[in-house]
Structures are given as structure tokens and as C-alpha cells.
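Colleague: Can you put the model up and walk me through it? I'll ask as we go.

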Amino acid sequence: MTNKEYADILLPNVEHDWTYYEEKYPKRDLKEGQMVTRFAPSPTGFVHMGSLYASFLDLQVAKQTNGICMLRIEDTDGKRTVENGVQGIIDDFKNLNINFTEGMGFGGNYGPYLQSDRKDIYQAYAKKLIEEDKAYPCFATEEYLNEIREYQAQKKIRIGIYKKYAKDRDLSRDEVLEKIKNGEKYVIRLKSPGDFDNKVVLHDLIKGDIEMPENDIDEVIIKSDGLPTYHFAHAIDDHLMHTTHVIRGDEWVSSYPKHEQFFKVLGFEMPKYAHIAPISKREGNIVRKLSKRKDEDAAISYYVKKGIPTEVIRLYLATICNYDFEEWYTANPTKSIDDFTFEFNKCPIGVTVFDIDKLMSISKIYFSRLKNTTLFDMLDKYTKEYDVDFNNIINKDKEYTLNILNIERDIERPRKDIGALEEVKSSIWYMYPELFDKNTEEYAEVKACDKQIVIDYLNNVYDANDDQETWFNKVKEFAVNNNYCADKKVYKEDPDKYNGMVSDFCALLRIIICKKNQSPNIYYLIKYLGKDELLKRVELFYK
RNA sequence: GGCCCGUUGGUGAAGCGGUCUAACACAUUGCCCUCUCAAGGCAACAUUCAUGGGUUCAAAUCCCAUACGGGCUACCA
């Protein structure tokens, strides 16, 4: 029996030889420096902050070198796959307007990009290794494996299938054939050429050089269901897809020796590696990785629902991704994330604790820089989905809404009081009579004067066409004539002599308008609301 | 048990042997401005870089130990 025939028995029904794939996926035509990266999630559910962070770096470095970033779905473990998980990931990215150059859902010539569709490819290479006597079938059962592990743990020796513990290595062909005939299940393991006493060095682009012992464990390459393990698939895929930079979570650092071994045994050129630290969450004294199941605020949809734009999340990720991004962005407020060059050696090495305050601060700055028209469009789209009533209200008189959104906006130092679209309503509701009428909030406490004084002001002094300075001078003059004091010191000498300070009169106007003692410049509120509505609110207030 | 990685204030984090009583940003607090709030301006907030040793004229920075946190050690990724 030839080696090839033997391999055919171990892995039957494999359509092509490995050389077929080498030809099918030729080297990419790349210029010096162009990077090929990939984001490779397993389909365990929606996109969350952690996955977005990893994909963000993948996308950015590819983009800035005019390279390629692929979306590859790693679904070699059926247990991890969630229903609609694959489509869910694709949809999430598309909804966030994040586009990969190629990959699952995005096309490309190096697919399929779903690992379960690549079974034949992995097996073709596994057969190559079998033919070269670099891999062998292992019939060990789960119970047997557990036994070995327990024995090793008890004896305090290294755990794993290596050297003498890899007993199926020595099975003769006849023995193997016999077991197969008996229907025994098996996996294919690599015959590790490594020696634990040797060292390998990972030249990590983020963490620097890391020295580790060489891998001597006979890693499984093909599981009994015919699918590859992560490690084997990684080597094959990133070789065939010609990935230049593998950017992944740092939980992979310790498996690097296995990966290096695979690339060597298969005769592949190694990609470069960058291991990123996960985004975490503090829970009391412990810091743990953000979890899809436990942390609802890890889901991107959580922020979408609040009306925090993707761009804001990307800005946040950019600031934690490279430490000098924030400074750069502050100095270049008109530029976009894509104008910044991200570098691996500026990525954080240790875990980063997710900071919602920081995110919100970035969001406020982002919203404060928007034009009122842009804000309106975003608000329109958002409320259409989450608050139809409010959507009708803001659209009833779009010009009016635009004016309101523009209050203290189009100036050198705009207000920063909106952090999410969901907050807009609660900050401007009182500018809409229909919302004001329905509002049941109590008026905040205020030093009120005689109702007639306010009415006098509105009827005889107020003019919606006044500019701000004129407006205030008139208010001041009117207030003083009605026994309000304009001078703090004078007022303090004998407060009982006055109705209050001029500021008290303004406060009264404010409360009448919006019930609260905080609002943007009253000048604008009065100007846009108009006399009739104001008189109506005076009546309401004094009732 | 073995093998890796990390540890700077409430938070992110700069720092790569002297210029560190430690940049910057967020948060917090106070003052100023002011019709309120927001914004803005000013100021406060680590005399100390997990702990203990060592190297050095000099250490947050280099070395070693310890503690704590994290990862891997699966026919999971």
C-alpha cells in the first residue's frame, strides 16, 4: 500500500489534492507595505464591543495601507454556533456601515470564507501530512484522554499528548486498518517534531518578543467529525488567503508555538502577529473580559438603541486603540479616523477597562460639532424607529425644529449637552406646545412676582426681532423699573426693598417657559416660542 | 502542577536610566465668567509608580523574588 492509498483510507472522499488549492489561490498582487488582515469571529452571536474593537484595528491598518481586510467565520465547532449567528454577524456589520474588502457576505476570490465550507481544503493538507508521515490517526477515547490528564496532574508533570503519551504514534498500519474496520473513531494528530527544551520566539508587533518553549504536543488537526481544529484551520486559511498580519486576542499568545510549528511543517510562510488585549469590565475587585451574556452594555445594539452613532463608538475604540489618537483628534477636529495612522506599537499591552463616561464625553463632543441639519437628519431617522410621536412633532415644522436644534450650536464653543439621540427629547420638549401641554412635571421653585408684571413685559417690551444684546438691555431696564435690582451689592444691603435681582426675573421667565431652572439662553427660547405661546404659559403658571 | 502576559491616581493612560514632587484626557471638587445650565477660563486631586531586595553616582524605567489579576495547558475558539 502506498502512502497515498493509506491517506485515502484515513480521509476518504476528498475531492482535490493540496496542490490544486495552491494553484487556485495564487499569491496576491500586492505592493510593498500593503497589509492583508482578517477578522475571524466564531458565530456565537451579535457583534459586541470586544469584537468591534478587534475588527476595528483589522480594518484600519488594512485601509491605511490600501490593503485588504477579510471577514472569515470560524465555525468549526458546532457547539458554539448560534442560530442565525453567521448572518447575524454580517447584518450587524452592514447595519453599522462597516464594510470588509472581502469575506463572508462581502465576496472575494479567496473564499469560501466560512470554515465549515472548507472541509475538503483542510483534509487535503492533512492528507499531505499523512503521506509524508508527519501526521497519524489517534484512536484515544475521551475516557482514555481524561485518564492520562488526571495521571499527569497527579504526578505534577506537564499535561498533554506528547512523547510517550502519544501512544498511537507507534501503531502499525495493519493495526490502524484493523481499528478502522472495527468502526473505531479517530482523529488526525500532528506528529510533533518539537522539543520542549527548545525555545521559540514570537515577535509580537504589540507585545514585543515573547519566548516560549517549543510545542511538543501532538495537536489534533482533524477532529473525528472531519473538521479541523482552530490551530490547523488558522495555518491553512491564513496561508491560502495570504494574510500578512494576524491580529487577534491575546488569549492566542500561548498557542503561538503550535501555530509556528504548523506553518513550518506545511512549508508555509509565516504571517506577522499582533495580539491585542481584551476590553474588560471591572466588577468589584476583579477585572474580566467583556462578556456577551453577562454585559448588556457590551452589545453594540445597546448603544444603537440609545442613539449613539457608530462613529462615536469608533472614536472611542480609536482612542483606546492608539494612545496618541485622542490628542491628534483634538488637534485635528475636522479630520476623520481614517486620516490617522494606527500603529501596533502604540496599542495598549495590558487589559483596558471599558469606560462609559469617556464614551459619553466623546459622544457629547461629537454631537456638539454637528450642523443642525445633520443632527436633524439623525434625529429624524432615530425617532422614526424609536419614538414615532416625537418624530411627527419635529417634522410638523421642520424649520422651527432646525432653529431649536441650532440654539448655541453654530458658534465657536457649542453646547455639549447631548450625548445620545434619546436625550434630545428631554432637553427640548418644552419648545413644543403639544408636549408642554401634556407635561405633568411640577414647576421648580421660584420667587414669583405679580402676574401683571410678566404680562406687561410680554405685551409692551418683548419683541421677537430684537438681537440678544437689545433683548437683555430691555429686560434689565424693564425689571429695574419694576423694582428689581441690577446691582448685587446694593441688593444685599436691603433685599426686602426689592422684588429680587434682575436675575430673579429671568429665572421666573425660565420657569414659566420650561418649568426647570436650567435651560439654554432664554433669549432664544422666548424668540422662537412667540408671544402667544408665552402668554399662554404665563396663565398656566399662575394657575 | 507547567508555560506565558500584566500591575503607574476614581478611570483610560504617557513614560523606555537623570529634565518625574509623573504628560494628556475623562470623572470629581472649588473659584471666575454669567439671566440659569452647558460651554469656556483658572485651580485642586499619585511626594509616588503592587511589595521586598539588588545593580547604579542616579530607577516608575534594568535584574531577581513575592503578592495579586489574566490567559493557555480540549476532538472550544
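Modeller: Start with alanine 448, which is partly exposed because 18 other C-beta atoms lie within 10 Å. The cut-offs are these: a residue is buried with 20 or more other C-beta atoms within 10 Å of its own, exposed with 12 or fewer, and partly exposed in between, with C-beta atoms placed from the backbone.

Colleague: Before going on, what sort of model is this?

Modeller: This is a predicted model, in which local features need pLDDT of at least 70, side-chain atom pairs count only at pLDDT 80 or more, and totals for chains, interfaces and linings use all residues. Residues are numbered from 1 along each chain as its sequence is written, while chains are lettered from A and ligands numbered from 1 in the order in which they are written.

Colleague: OK. Where does alanine 448 lie?

Modeller: Alanine 448 is in the loop between helix H18 (433–438) and helix H19 (451–461). Helices (H or I, at least four residues) and strands (E, at least two) are DSSP runs, numbered from the N terminus.

Colleague: Let's step back. Which domains is chain A divided into?

Modeller: Chain A has domain 1 (31–110 + 277–369), domain 2 (120–276), domain 3 (372–436) and domain 4 (451–542). The bounds come from an automatic or database domain assignment.

Colleague: How many residues of domain 1 are in contact with domain 2?

Modeller: 19 residues of domain 1 are in contact with 20 residues of domain 2; contact means C-beta atoms, placed from the backbone, within 7 Å. On the domain 1 side, S1 and helix H3 (49–64) each supply at least two residues, and H3 gives the most, with 4. That side divides into 12 nonpolar, 3 polar and 4 charged residues. In this count Ala, Val, Leu, Ile, Met, Phe, Trp, Tyr, Cys and Pro are nonpolar, Asp, Glu, Lys and Arg are charged, and the others, Gly among them, are polar. The centres of domain 1 and domain 2, taken over C-alpha atoms, are separated by 30 Å.

Colleague: Now the core. Which residues touch the most other members of the largest one?

Modeller: Met49, Leu52, Ile313, Tyr316 and Leu317, in a core of 50 residues. Domain 1 and domain 2 each contribute at least three residues to this core. A nonpolar core here is a set of buried Ala, Val, Leu, Ile, Met, Phe, Trp, Tyr and Cys residues joined through C-beta atoms within 7 Å. Leucine 317 touches Leu52, Tyr53 and Phe56, leaving aside residues up to four places away in sequence.

Colleague: What does the second core include?

Modeller: That separate core has 37 residues, including Phe376, Ile407, Tyr462 and Leu508.

Colleague: Change of topic: how many residues surround RNA strand B?

Modeller: 60 residues do, and the closest are Glu74, Asp77, Ser224, Gly350 and Arg413. Near means a C-beta atom, placed from the backbone, within 6 Å of the strand. By class, this surface has 22 nonpolar, 16 polar and 22 charged residues. S12 gives the most to it, with 4 residues. Strand S7 (208–213) is among the elements that supply at least two residues each.

Colleague: What order do the strands of the open sheet come in?

Modeller: The order is S1-S2-S3, 3 strands with parallel pairing. Strand S1 (36–39) and strand S3 (102–103) are the edges. S1 is joined to strand S2 (residues 68–71) by 4 bridges, and valine 36 stands opposite isoleucine 68 in S2.

Colleague: Last one: which peptide bond is cis?

Modeller: The one from glycine 111 to proline 112, with omega near 0°. Proline 112 is in the loop between S3 and helix H5 (119–131).

Technical notes. Contact = placed C-beta atoms within 7 Å. Pairing = 2+ DSSP bridges.
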